[in-house]
Amino acid sequence: MPVPAILPMTDDHARQVLDIYAAGIAGGDATFETEPPSWEAFDRGRLAAHRYVAVDAGGAVTGWVACSRVSARPVYAGVVEHSVYVHTAYAGRGIGRALLEALIASTEDAGIWTIQTSVFPENTASLALHARCGFRVIGTRERIGRHHGRWRDVISLERRSPTVH
């Protein structure tokens, strides 16, 4: 099955993006969040130039990727944190990889040298995806936060651009 088209995320994708986010939240191993934000908060918190959706032939959003600045300090201008989500019905079809590759290309074109993320250790599919896309584990933050009444660890990953210096 071909990978859906990768397009810039727009307001027209809002409902489907937030539905996929909500499904990831409900799965329990994607995020500390317990409910998706409003579209306004989502839109405000992510860099417009580095947000993409995967869309199938019928126009349905099958996944998304977006990133945020990690700091307003100039020294961190080239560092972003990202999230990538794929609709459960489309898992294992290369959509996550296509989305991450689009994000990597756009951030490198913009001079961003580091993309970072944190993943629950139980989310083995996400860890494998990030490894395939050149991310490396930089450490484990133990008991970093409580999630549904229990302490959770996260694995911190980063991808340093080989072309942005």
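Predicted model: local features only at pLDDT ≥ 70, side-chain atom pairs only at ≥ 80, totals over all residues.
**View 1. Helix H3, residues 95-109, is mostly covered.** The helix has 15 residues and reaches 21 Å from its first C-alpha to its last, close to the 21 Å expected at 1.5 Å a residue. Of these 15 residues, 11 are buried, and the buried set includes the leucines Leu99, Leu100 and Leu103, together with Ile95 and Ile104.

**View 2. Glycine 111 follows helix H3.** The residue shown here is glycine 111, whose phi is positive, near 85 degrees.

**View 3. The secondary structure of the protein comprises four helices and seven strands.** Read along the sequence, these elements follow the pattern β-α-α-β-β-β-α-β-α-β-β. The radius of gyration is 15 Å, close to the 15 Å that the globule rule gives for 165 residues, so the protein is as compact as a globular protein of that length. Its C-alpha trace spans about 40 × 40 × 30 Å along the principal axes, and among contacts between residues at least 6 apart in sequence, 62% join residues at least 24 apart.

View 4. Of the 165 residues, 44% count as buried, while the protein exposes about 8,800 Å², of which carbon and sulfur atoms supply 51%.

Notes:
Residues numbered from 1 in each chain as written. Heavy atoms only, no water. Helix = DSSP H or I, 4+ residues; strand = E, 2+ residues; numbered from the N terminus. Expected span 1.5 Å × (residues − 1). Buried < 20%, exposed > 50% of the residue type's maximum accessible area, 1.4 Å probe, protein only. Rg over C-alpha atoms; globule rule 2.2 N^0.38 Å. Contact = heavy atoms within 4.5 Å. Areas by Shrake-Rupley, 256 points an atom, 1.4 Å probe, with all protein chains shown as cover.
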